[in-house]
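Trainee: Could we go through this model together, with me asking whatever comes to mind?
Mentor: Gladly; have a look first.

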Amino acid sequence: MLIYRGLSRISRISKKTSFGRRWLPSHPLLSGASHSAAAAAADSSVKVLGCREAYSWSLPALHGIRHQIHHQSSSVIEEQLDPFSLVADELSILAKRLRSMVVAEVPKLASAAEYFFKMGVEGKRFRPTVLLLMATALNVRVPEPLHDGVEDALATELRTRQQCIAEITEMIHVASLLHDDVLDDADTRRGIGSLNFVMGNKLAVLAGDFLLSRACVALASLKNTEVVTLLATVVEHLVTGETMQMTTSSDQRCSMDYYMQKTYYKTASLISNSCKAIALLAGQTAEVAILAFDYGKNLGLAYQLIDDVLDFTGTSASLGKGSLSDIRHGIITAPILFAMEEFPQLRTVVEQGFEDSSNVDIALEYLGKSRGIQKTRELAVKHANLAAAAIDSLPENNDEDVTKSRRALLDLTHRVITRNK
């Protein structure tokens, strides 16, 4: 299994250096550039292939897939890492900085903008965790020794810029949640009342727009055209995906290809392009940037596919005990699409819609008789394996920091497909 092979490969790398080593972008420093020149060179020296627009979403037969990573008992394999604890200190700093970034002159707007950045409701910070781990996993130490002052300054500059990507990504993500809740007429989010429910739709929309504007300002400060283009494309994809969901024809609504393309736009584009931006800022090659992109894309798709399953199953072993939020809103997800392949008559029910609760019951009955849940899990495992393969394909590096971060990224692929909430 690719996830297992990735863990095994990384665990074989020798660990000769201490944790906490400083990291620097490769190209500018090798030329002995100054602090400002190094940043400019990092912006311009790497030409990365544009994001691929077409994907193949077909599912090959998957037999005997095991849904967990196996850890050998050999002493060569290190103890399992907690990805979140590895970057806990940085996440705390990032959370404080986010709260300061969303301060607004108008008190009502400020209160709305910081609604999901307050202590206790900030969420798991999944995306910033991925990006901070990717930053360490991709940064390259310069073989030539530099003066400590120069090295420290350049390392700090790079890490600050990469942290900025994590902050921008989180602001874009939260803005999309605020807008989605308005479109879905949601009344809860992260265990509390949704912003639109508490403060009204108009303020929720404006708060989302405000967060996007703050993200744009932070993005412009990086002065990197490729990175700006990547994350501007993400916002376009979020709008495109939401529009695709709202305006589907009957054939599109029942198409797995259409659904997976929409899922990429709505969920996976943000993390994939952000991972690629991390690689660009580190001065990595086009090939490495694409591997970072592939990791984020496939991790994001796996995450959403498990969300699809949990909407039906929740934490209960009994089918139909989840929230059923998607199907009650008329959104057809992977489990129902796979069930339709086995029971074509289910399409008639889907086309009739789910305003009638009896149609929800009929759809659940067909889903229970089908392999829809199992096939969706298998597809999630396939994408988790592809994410692991991207990490496995990164250039070898024998530093302990890099090794731990890559192992943590692999561990996240396991956590995504085995979570129950």
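**Working through the model**

Trainee: Where is Lys223 found?
Mentor: Lys223 is found in the loop between helix H10 (201-221) and H11, where helices (H or I, at least four residues) and strands (E, at least two) are DSSP runs numbered from the N terminus. This is a predicted model, in which local features need pLDDT of at least 70 and side-chain atom pairs count only at pLDDT 80 or more, while totals for chains, interfaces and linings use all residues. Residues are numbered from 1 along each chain as its sequence is written, and side-chain values use heavy atoms, with hydrogens and water left out.

Trainee: And Lys223, buried or exposed?
Mentor: Lys223 counts as exposed because its relative accessibility is 66%; buried means under 20% relative accessible area, exposed over 50%, and partly exposed in between, with a 1.4 Å probe and protein chains only. Its phi is near 55°, a positive value in a residue other than glycine.

Trainee: Stepping back, how many helices and strands does the protein have?
Mentor: The protein has 20 helices and two strands, and buried residues make up 56% of its 421 residues.

Trainee: What share of the contacts join residues at least 24 apart?
Mentor: Among contacts between residues at least 6 apart in sequence, 80% join residues at least 24 apart, a contact being heavy atoms within 4.5 Å.

Trainee: Show me a buried spot, then. What does Met134 touch?
Mentor: Met134 lies in helix H7 (residues 126-138) and counts as buried because its relative accessibility is 0%. Leaving aside neighbours within four places in sequence, Met134 is in contact with Cys275, Ile278, Ala292, Tyr295, Ile391 and Leu409. From C-alpha to C-alpha, Met134 and Ile278 are 7.2 Å apart in space, although 144 residues separate them in sequence.

Trainee: What about Val234, which helix is that in?
Mentor: Val234 is in helix H11 (residues 225-246), and with a relative accessible area of 0% Val234 is buried. Not counting residues up to four places away in sequence, Val234 touches Ile172, Ser269, Leu270 and Asn273.

Trainee: Changing topic, how many salt bridges are there?
Mentor: The count comes to twelve, a salt bridge being a side-chain nitrogen of Lys or Arg within 4 Å of a carboxyl oxygen of Asp or Glu. In one of them, the side chains of Asp82 and Arg415 meet at 3.6 Å, N to O. That pair links distant parts of the chain, 333 residues apart, with Asp82 in the loop between helix H3 (35-44) and helix H4 (83-86) and Arg415 in helix H20 (residues 400-418).

Trainee: Which residues are linked in a network of salt bridges?
Mentor: Asp82, Asp411 and Arg415 are linked in such a network. Asp82 counts as partly exposed at 32% relative accessibility, and Arg415 likewise counts as partly exposed, at 31%.

Trainee: Which residue does Lys266 pair with?
Mentor: Lys266 forms a salt bridge with Glu242, the closest N and O atoms being 2.6 Å apart. Lys266 is partly exposed, with a relative accessible area of 23%, whereas Glu242 is buried, with 8%.

Trainee: Last one: which residues form the negative surface patch?
Mentor: The patch is formed by Glu355, Asp356, Asp361 and Glu365. Patches are made of residues with over 30% relative accessible area and no salt bridge, joining like charges within 9 Å and nonpolar side chains (Val, Leu, Ile, Met, Phe, Trp, Tyr) within 5 Å. Lys and Arg count as positive and Asp and Glu as negative, with His and the chain ends not counted, and a charge is placed at NZ of Lys, CZ of Arg, CG of Asp or CD of Glu.

Trainee: And where does Glu355 lie?
Mentor: Glu355 lies in the loop between helix H17 (346-352) and helix H18 (357-369), and Glu355 is exposed, with a relative accessible area of 72%.

Conventions: Accessible areas come from the Shrake-Rupley method with a 1.4 Å probe; for residues, only the protein chains shown count as cover.
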